[in-house]
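Please keep the sequence and the 3D view open as you read.

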Amino acid sequence: MADELHRSRDAPLDRALAILTFVAEQRKALSAAEIASALALPLPTAHRLIGNLEDRGLIQKALGTKRYVVGSTLVTLSAKTIGAAFRTVRRHAVLSAVADRIGEQCEIGIVRDNAVAYVDSVQTKQQQGLQFNPGSAAPLHCTSTGKIYMSRLPTKVRQRLAHSLPLAQYTPTTIADPKTLLAQLDVIRRRGWAKTNEEYVLGVVGCAVPIVSPKGDLIACLGVSVPSARVGFEDLDAFIEPLQEAAALLSSTILQDNDDFDNSQFSE
């Protein structure tokens, strides 16, 4: 039985999944030889599996190199998987609870193809302002979720992204200068959460906090958007603690399947 179990874990599918997992965990592009060595695979086997994964868009060569990074198909699949995970009854209930607690629309956003994509939201009775509904998308540089994502990138990657993004000037307060944006991202990285002051839509302010995996990796962000006529930019600070509590609850349940839970611990 032990031998059969060992053989099952050594099947081509398991090896392919091991390659995907290893490549996804790295912060740099990898050669086939590095992948083979790290996973104790014969080099011909690694080349064959890598080729199969590349054909399916699950991994791809980094631009201008023969080294590998995650592919666009895998990125899209990951985003869809995260979205589906947050749309369960259990996690939607957490989102509803925090929206009721602070009295404003709350949304969960992820980053896909260098843009913020919203995967779930809960509206309150006060429906004025910017509505980030599931399926909506927004830029990175002028949204709280986008700024959290950028702030958590390695320094060189963050700098390259800030200088390569089209920093469109949506409003007079949009930060469209890479140097100014990077300085703000340093503050967000240290502080752990982000705010925006009418940077995407005039008259709308917002804030967000990260939702992380058990290992501390960023999965998504939990945020709120509200008319500045109702809540001032400085007053957004009052939302951070309830958002962080809800994000911690979402983080603790993200790998659990049971939708039968009690969220009374989060209610006032």
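Glu107 stands opposite Gly223 in β8. Helices (H or I, at least four residues) and strands (E, at least two) are taken as DSSP runs and numbered from the N terminus. Two strands count as paired if DSSP finds at least two bridges between them. By that rule, β3 (residues 106-112) runs antiparallel to β8, and four bridges join the two.

Strand β7 (residues 204-212) is antiparallel to β8, with nine bridges between them. Another of the pairs here is Pro210 with Cys221, its bridge partner in β8.

## About the model

This is a predicted model, in which local features need pLDDT of at least 70 and side-chain atom pairs count only at pLDDT 80 or more, while totals for chains, interfaces and linings use all residues. Residues are numbered from 1 along each chain as its sequence is written, and side-chain values use heavy atoms, leaving out hydrogens and water.

## How covered are the strands?

Buried means under 20% relative accessible area, exposed means over 50%, and partly exposed lies in between (1.4 Å probe, protein chains only). Strand β8 (residues 218-227) is mostly covered, with nine of its ten residues buried. Eight of the nine residues of β7 are buried, so β7 is largely enclosed by the rest of the structure.

## The cysteines

How many disulfides does the structure hold? It holds zero, where a disulfide is a pair of cysteine sulfur atoms within 2.5 Å. For Cys106, the closest cysteine sulfur is that of Cys207, at 8.4 Å, so the two are too far apart for a bond.

Cys106 is buried, with a relative accessible area of 0%. Cys221, the bridge partner of Pro210, counts as buried at 2% relative accessibility.
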